[in-house]
Amino acid sequence: MIKNKWYQVCLVLSGFALFNTACAQNPPLLTGQAFIAEERLVGNSTVLFNNASYLIPLQKLEELKIASVHFSNQYATVFDSLLTKYNKVQLVDGNSYTGNKTLANLTSDLKFYNTIIVQVNDADLNNADVLDFISSNQKNKNVIVAAFGNGAILAKLDAVAAPIIWTERVSQVSAMYSAEAIFGGIAVTQKLTKTYSNAYKAGMGFVTDKTRLQYTVPEEAGINAANLQGIDKIAQEAIRERATPGCVVLVAKDGKVIFNKAYGYHTYDNVIPDKLTDIFDVASMTKVSATTMEAMQLTDQGKLSLEKTLGDYIPLAVKSNKNSIQIKEVLMHQAGLIPDIQSFEKVKPADHSTDSSAAYPTKVSDHYYLRKDYYKDVMLPEMLNSPLKTRGQYVYSDVSMLFMQEVVENITSVPLNKYVQEHFYTPLGMQTAGFLPLYRFSPDQIPPTENDKEYRGSLLDGYVHDPTAALLGGVAGHAGLFASANDIAILYQMMLNRGSYGGFQYIKPEVVDLFTSKQSPVSRRGLGFDRWDPIAERHYPSKLASDQTYGHTGFTGTCIWVDPKYNLVYVFLSNRVNPSVGSKLGSLNIRPRIQDVVYEAIGKGL
């Protein structure tokens with residue numbers, strides 16, 4: 001029977017090394033130059049066959065339901081852990097189908113999976129049932145065979161028409177390489193140098209392109225891993241000084257994740273350790289990671305014009321002082337909008353209930369439900385009737401992105417959370433990103449934010465921290481997104497690629513360039529995006545960042561920065577507002593100092 005829980009992922013990016021933590025049967029993975037040397041040998045002996053339909057690298061991830069089946073591959077855990085970096089994959093031990101349970105039962109159990117990856121070695125292919133399993137499934141499904149072993153293995157696969165990615169070397173590195181190649185994290189470039197069977201002859205082989213992130217060691221990107229050790233010290237300082245109970249740091253350079261490490265715990269009681277897969281409330285990173293993403297795509301499609309006004313897209317704005325405000329003013333925070341509207345302090349006792357009902361449908365947090373149409377009756381009118389005192393000046397405003405949410409939802413007739421999920425997160429292979437995470441994940445996977453004793457009367461774990469977003473039910477243009485560091489890296493590698501990822505163009509390059517470049521005559525801002533600050537003494541976002549840098553921070557203790565000059569993506573996620581809001585993460589300059597370490601390491605090279 002298919003295992004219900006996922007295998008423990010043993011592969012950990014530790015900052016300067018990839019190693020196994022929970023698989024005693026596997027030796028420590030090579031690091032540094034030794035890793036690169038082995039990877040070069042693997043690359044030179046890896047060949048792809050039967051790919052005339054271009055199944056590899058996998059595309060249209062939103063349409064795929066993937067299972068990975070292994071038998072006696074000793075590096076199956078490594079292989080599977082890499083697969084799960086790219087998309088949700090059900091991991092299956094084929095050895096559990098013996099005796100009364102056969103591989104025919106496995107085929108039956110996998111009937112709802114349209115893509116099956118089968119790991120085989122020479123011993124596996126001595127079992128006729130394994131070959132029959134591959135042959136029977138390739139008739140109706142996408143089947144990919146990952147074969148490990150010398151060339152003799154190919155003769156046993158003569159009858160297989162499905163794509164085969166074969167590597168002669170059997171190692172942890174080859175397991176990683178093959179898994180990454182399936183998703184386009186690494187390119188396949190080799191052809192057979194000699195003939196092994198009637199079906200697999202010298203000169204055969206398909207080449208592929210790199211289309212997604214690769215997961216490797218810093219040396220692969222020209223960085224000495226030892227020069228990144230300063231990240232550990234700064235992260236540990238943050239925890240020791242109680243600036244945050246924990247955090248996750250990710251660095252990607254040249255399309256390669258070279259550092260990804262979790263530190264500390266979900267809370268200061270040190271019960272649940274932070275994990276690479278933890279899902280954080282990213283707060284105002286929502287502005288660029290959701291609302292601005294949709295605005296860019298709609299601009300690309302000609303459905304949104306930066307020159308048009310709020311009145312053009314929001315009928316209720318026509319008779320307000322917001323009618324003539326241009327979309328570009330809103331995105332640059334120069335529309336004169338107030339920073340925020342009143343939240344819980346304005347809610348009356350009759351406006352909320354401890355139980356849900358038709359009259360109180362909006363869930364704010366545990367045992368807190370808001371009355372129907374509260375946003376329409378109270379919050380939206382307050383936004384529309386608010387004064388405009390600073391138009392033309394830069395005043396950072398959450399209200400700006402609340403209005404942008406109204407704009408994009410009126411254009412598409414689709415809620416913001418549903419649009420970005422369907423058009424970005426799911427097709428990109430982002431497995432955790434989205435609003436309202438408690439509908440999909442356990443609170444144990446989500447580091448809690450504030451213990452809100454005053455209004456919500458509970459620890460906020462999986463519920464948005466921002467009070468205005470909370471009153472909107474957790475979906476807002478300025479806050480409400482939750483995601484893991486890997487998901488954020490995927491989204492912003494797409495941005496660094498100028499709108500392309502996994503072989504698909506999500507946004508045209510010129511639109512990405514427009515939104516992320518300096519657009520404001522009175523501030524550093526782009527359109528939606530924050531940017532590098534030209535005032536040198538501010539060292540924002542880092543004293544070494546280039547003037548091309550763009551991204552955003554989040555109040556909960558998060559940031560994403562992309563630096564095209566250095567081909568760099570930097571992600572920092574934390575829950576610094578737990579158990580209450582503090583300022584140490586900022587006063588200690590934790591985020592920019594970690595970013596400085598990365599730039600310094602780049603400068604030092606190997």
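In which handedness of crossing does α1 pass α6? Here are some notes to read beside the model.

1. **Before you start.** This is a predicted model, in which local features need pLDDT of at least 70 and side-chain atom pairs count only at pLDDT 80 or more, while totals for chains, interfaces and linings use all residues. Residues are numbered from 1 along each chain as its sequence is written, and side-chain values use heavy atoms, with hydrogens and water left out. Helices (H or I, at least four residues) and strands (E, at least two) are DSSP runs, numbered from the N terminus.

2. **α1 and α6.** To settle the opening question, α1 passes α6 in a right-handed crossing. A crossing is right-handed if the near helix is turned clockwise from the far one by less than a right angle, and left-handed if anticlockwise. The axes of α1 (residues 32-44) and α6 (residues 172-183) come within 9 Å and cross at roughly 60°. Axes here are lines fitted to C-alpha atoms, for helices over the stretch in contact, with angles from 0 to 180 degrees between N-to-C directions. The two helices are therefore oblique to each other; angles under 35 degrees count as roughly parallel, over 145 as roughly antiparallel, 65 to 115 as roughly perpendicular and the rest as oblique.

3. **Who meets whom there.** From α1, Phe35, Glu38, Glu39, Val42 and Gly43 meet Val173, Ser174, Met176 and Tyr177 of α6. Contact means heavy atoms within 4.5 Å. The residues of this contact divide into 5 nonpolar, 2 polar and 2 charged. In that count, Ala, Val, Leu, Ile, Met, Phe, Trp, Tyr, Cys and Pro are nonpolar, Asp, Glu, Lys and Arg are charged, and the others, Gly among them, are polar.

4. **α8 and α16.** For your next pair, look at α8 (residues 285-300) and α16 (residues 509-516), whose axes come within 10 Å and cross at roughly 135°. That makes α8 oblique to α16, and the crossing is right-handed. Thr292, Ala295, Met296, Thr299 and Asp300 in α8 meet Val511, Val512 and Phe515 in α16. This contact has 5 nonpolar, 2 polar and 1 charged residues.

5. The expected span of a helix is 1.5 Å times one less than its number of residues. The 15 residues of α18 (residues 590-604) should therefore span 21 Å, and the end C-alpha atoms are 21 Å apart, which agrees. Gly605 follows α18 and has a positive phi, near 65°.

6. **What α18 hides.** Its buried residues (under 20% relative accessible area; exposed is over 50%, partly exposed in between, with a 1.4 Å probe and protein chains only) include Ile590, Ile594, Val598 and Ile602. Among the elements covering them are α7 (230-240), β10 (246-253) and β24 (568-574).

7. **α7 in turn.** The buried residues of α7 are Ile231, Asp232, Ile234, Ala235, Glu237 and Ala238. Their cover includes β10, β11 (256-264) and α18. Just after α7, Arg242 takes a positive phi of about 60°.

8. **Two loop residues.** Leu544 lies in the loop between β21 (530-531) and β22, and counts as partly exposed at 33% relative accessibility. Leaving aside residues up to four places away in sequence, Leu544 touches Tyr566, Asp596, Tyr599 and Glu600. Ser343 sits in the loop between α10 (327-331) and β13 (352-353), and is buried, with a relative accessible area of 8%.
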